[in-house]
Amino acid sequence: MCTLEKSGNIFYLTLTGDDEHRLNPTLIATLRSSLSQIKSQAVNGSVLITKANGKFFSNGFDLKYAQAGGSPQAAKDRLLNMVDLMKPLVSDFMSLPIPTIAAVTGHAAAAGLMLAMSHDYVTMRSDKGVVYMSELDIGMTLPDYFMALIRGKVGSAGARRSLVLKAAKIRAEEAVKMGIVDMAEPTAEAAVEAAVKLAEELGKKKWNGKAYAEIRKSLVPELCGILGLKETVVMPSRL
């Protein structure tokens with residue numbers, strides 16, 4: 001499922017096991033619980049790194065769970081429920097009062113890519129793995145908050161088109177060029193090491209967490225509008 005550890009000022013949220021880390025109600029609830037725990041323990045200088053074991057970062061929603069509903073309508077209902085459940089998870093990431101980094105150490109597809117892109121920074125291994133929005137290939141439209149997240153994070157119209165209207169499977173170096181990923185590293189270990197180095201640099205700033213979260217939200221106003229997140233003015237404690 002996932003584990004939460006802390007070393008110094010860095011929280012490590014790890015998707016454990018060698019499976020595809022499919023997002024189902026149980027995993028989503030566990031991730032939200034972990035973020036709540038992080039939020040309660042965070043101080044100025046804290047940073048979150050999310051990573052995964054195995055060859056997948058996350059392969060999206062748990063379609064086997066949906067299909068186990070027993071009928072086509074039940075499967076659709078379960079899938080729509082997962083879409084609804086993930087929305088507040090994205091909101092939690094947008095509201096977290098610390099910098100966040102996703103170390104994509106394997107494939108990140110569909111909702112799994114949205115999980116990675118909910119972080120402030122993304123490092124990715126270049127030797128294996130792709131980022132991929134599979135919805136077009138399976139005949140499904142994207143939730144409104146998925147598209148708002150993509151529009152807010154991927155600046156190029158051409159890159160957005162390749163991602164969602166070509167359903168391109170994109171390797172790390174190309175993902176950097178497209179603005180989906182910040183750093184391409186040669187191996188999974190190097191992707192995590194780059195995330196740790198960045199976390200250490202960011203942690204030294206010891207920024208005000210409330211100010212950090214509000215400025216983050218201001219970068220993606222469309223997404224925050226859909227999520228129902230309102231901006232709050234934060235002023236220095238001393239002027």
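Is His21 buried or exposed? At 3% relative accessibility, His21 is buried. Buried means under 20% relative accessible area, exposed over 50%, and partly exposed in between, with a 1.4 Å probe and protein chains only. The model is predicted: local features need pLDDT of at least 70, side-chain atom pairs count only at pLDDT 80 or more, and totals for chains, interfaces and linings use all residues. Residues are numbered from 1 along each chain as its sequence is written, and side-chain values use heavy atoms, with hydrogens and water left out.

**View A. The open sheet.** Six strands form an open sheet in the order E1-E2-E3-E5-E7-E9. Its pairing is mixed. Strands (E, at least two residues) and helices (H or I, at least four) are DSSP runs, numbered from the N terminus. Two strands pair if DSSP finds at least two bridges between them. Strand E1 (2-7) and strand E9 (183-185) are the edges, each pairing on one side only. Neighbouring strands of the sheet are turned by 20° against each other on average, direction ignored. Axes are lines fitted to C-alpha atoms, for helices over the stretch in contact; angles run from 0 to 180 degrees between N-to-C directions.

**View B. Strand E2 and its two partners.** E1 and E2 run antiparallel and are joined by 6 bridges. Cys2 has Leu15 of E2 as its bridge partner. The two strands make a hairpin with 2 residues between them. Gly8, in the turn, has a positive phi of about 60°. Towards strand E3 (residues 47-52), E2 runs parallel, again with 6 bridges. Ile10 stands opposite Val47 in E3. Thr14 stands opposite Lys51 in E3. From E2 the chain crosses through H1 to E3, and this β-α-β crossover is right-handed. That is, with the strands pointing away from the viewer, the path from the first strand over the helix to the second runs clockwise.

**View C. The two faces of E2.** Ile10, Tyr12 and Thr14 point one way from E2, while Phe11, Leu13 and Leu15 point the other way. 6 of the 6 residues of E2 are buried, so the strand is largely enclosed by the rest of the structure.

**View D. Two loop residues with positive phi.** His21 and Lys206 are shown. His21 sits in the loop between strand E2 (10-15) and helix H1 (25-41). Its phi is positive, about 50°, although His21 is not a glycine. Lys206 also has a positive phi of about 50° without being a glycine. Its loop lies between helix H9 (188-203) and helix H10 (209-219). Lys206 is exposed, with a relative accessible area of 55%.

View E. Ile101 belongs to strand E5 (residues 100-104). Ile101 is buried, at a relative accessible area of 0%. Contact means heavy atoms within 4.5 Å. Leaving aside neighbours within four places in sequence, the contacts of Ile101 include Val47, Ile49, Tyr121, Ala195 and Leu202. Ser118 is 17 residues from Ile101 along the chain, and their C-alpha atoms are separated by 9.1 Å.

**View F. Helices H6 and H7.** The axes of helix H6 (residues 144-153) and helix H7 (residues 157-164) come within 10 Å and cross at roughly 145°. Met147, Ile150 and Arg151 of H6 meet Arg160, Leu163 and Val164 of H7.
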